[in-house]
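Let's take a look at some charged side chains and a bit of surface. Have the structure open while you read.

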Amino acid sequence: MAETQRFDTLMLGGELDWTRGNLTFTWIPAYVYLDSAPDYWLGTIRARLTAHYNQLSNELRVAGTRGERVEWVGGVQAYDVRNDGYLALFTNQPFQFRQSNITGNRLAGYAAFGEWRHRTRDRLRLTAGARVSTTHREGRGFTSDRLGALPYEFDRPFDHLDWKLGVERDVAPE
């Protein structure tokens, strides 16, 4: 059951395209802000779950064609997300405690990607693509108050390569 709800949000985004010949250059910036602190009931236990997020992302890409049968796109993307928040239980009692207390969390990532599509016939297409990315995650906070509110930290990078190969065939003519 919901009780007091507080959500402040702001989302901004856009897309700017510039075409030069058979090339299209695109910039896609975005920003998200969230600050929330809703109170709610878990049966007879009143709780509060706070969250504060700031996220900024940017993508730059270029797309083009080669003749009538080949299309391609390539680009780079970057993002940065920072957040914190806590979960408190028994907020309607004098002995409330924090079950979770994240004092800082950050995800920062970068990626490069590309895709190539070849129309071999009027109804058959071949696709190949790849994305290489790295994300760095940092986290810090405290364990549950009932466990002594011990501090913890996390700091680790994650690297990844995704790829795809595909064959598409239209079952009916256009």
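Start with Asp80: it is buried, because its relative accessible area is 17%, and the cut-off for buried is under 20%. Keep in mind that this is a predicted model.

Asp80 has two salt-bridge partners to look at. One is Arg82, whose side chain meets that of Asp80 at 2.8 Å, N to O. The other is Arg106, with 2.6 Å from N to O.

How accessible are the arginines? Arg82 counts as partly exposed, at 44% relative accessibility. Arg106 is partly exposed too, with a relative accessible area of 26%. Arg125, in contrast, counts as buried at 10%.

Arg125 has its own partner, Asp170. This pair also links distant parts of the chain, with Asp170 in the segment after strand E10 (151-169) and Arg125 in strand E9 (residues 124-142), 45 residues apart. Both belong to a network of salt bridges that also takes in Arg117 and Glu168.

Here are the pairs side by side:

| Salt bridge | N to O distance |
|---|---|
| Arg82 and Asp80 | 2.8 Å |
| Asp80 and Arg106 | 2.6 Å |
| Asp170 and Arg125 | 3.0 Å |

Over the whole structure, a search finds 11 salt bridges.

Val76 sits in strand E7 (residues 70-89) and counts as partly exposed, at 45% relative accessibility.

How values were computed:
Residues are numbered from 1 along each chain as its sequence is written. This is a predicted model: local features need pLDDT of at least 70, side-chain atom pairs count only at pLDDT 80 or more; totals for chains, interfaces and linings use all residues. Side-chain values use heavy atoms; hydrogens and water are left out. Helices (H or I, at least four residues) and strands (E, at least two) are DSSP runs, numbered from the N terminus. Buried means under 20% relative accessible area, exposed over 50%, partly exposed in between (1.4 Å probe, protein chains only). A salt bridge is a side-chain nitrogen of Lys or Arg within 4 Å of a carboxyl oxygen of Asp or Glu.
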